[in-house]
Amino acid sequence: MKNDMKKCIFAGTFDPITNGHKEIISKISEMFDEVLVAVCVNRAKSAKFSADKRVEMVEKACAGYKNVKATYYEGLLVDLMKSENIKYNVRGIRDEADYLYESRMTLANSEFFPEMVTVYVPCNEKNKFISSTLVRELMYYGKDVSELVPQEIADLIKESK
């Protein structure tokens, strides 16, 4: 899997994309030549937003990054990584619990894709408490979440209340 261009994948449900996600994307867009944001299915969660809407939100939030593209994928992350010839798997980390969960996932994924390299990127203090789950919960109770999501999608979020 030798390639001069450094490509990475940042996968998640992005239901919706948050300021924490965008922070990680901003950081990795400077580290890698190409960033693929994979909007994926998590069978343990039921999504509030459709796959198309989630991809649209990621595209709007990331429009300023020329080396970032979004895609929707249903399947195992390692299979997408292999098909896209990507060995760098970026994981955003908010706290110790995230790290423990992500390190377990890395061990499991490496069984199927030993060449995979996981890059853990911490978010700043301001975004440590933000999760898509929190945003959805606040939306459910009619709260304003515009400070928790990228400015580019705040209107899309308001429309879907």
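Before you click anything, one term: a residue is called buried when its relative accessible area is under 20%, exposed when that area is over 50%, and partly exposed in between (1.4 Å probe, protein chains only). What you have open is a predicted model, where local features need pLDDT of at least 70, side-chain atom pairs count only at pLDDT 80 or more, and totals for chains, interfaces and linings use all residues. Residues are numbered from 1 along each chain as its sequence is written, and side-chain values use heavy atoms, with hydrogens and water left out.

Our theme is salt bridges, meaning a side-chain nitrogen of Lys or Arg within 4 Å of a carboxyl oxygen of Asp or Glu. The whole structure has 7 of them; here are some to visit.

**Stop one.** Select Lys53 and Glu56. Their side chains form a salt bridge at 3.6 Å, N to O. Both sit in helix α2 (residues 51-61), 3 residues apart, or about one turn of the helix; helices here are DSSP runs of H or I, at least four residues, numbered from the N terminus. Lys53 is partly exposed at 27%, and Glu56 is partly exposed at 29%.

**Stop two.** Now pick Lys22 and Glu152, whose side chains meet in a salt bridge of 2.6 Å, N to O. This one links distant parts of the chain, 130 residues apart: Lys22 is in helix α1 (residues 19-31), while Glu152 is in the loop between α5 (132-140) and α6 (154-159). Lys22 counts as buried at 18%, whereas Glu152 is partly exposed at 37%.

**Stop three.** Finish with Arg94 and Asp98. In this salt bridge the closest N and O atoms are 2.9 Å apart. Buried or partly exposed, which is Asp98? Asp98 is buried, at 15%, and Arg94 is partly exposed, at 28%.

Key:
Helices (H or I, at least four residues) and strands (E, at least two) are DSSP runs, numbered from the N terminus.
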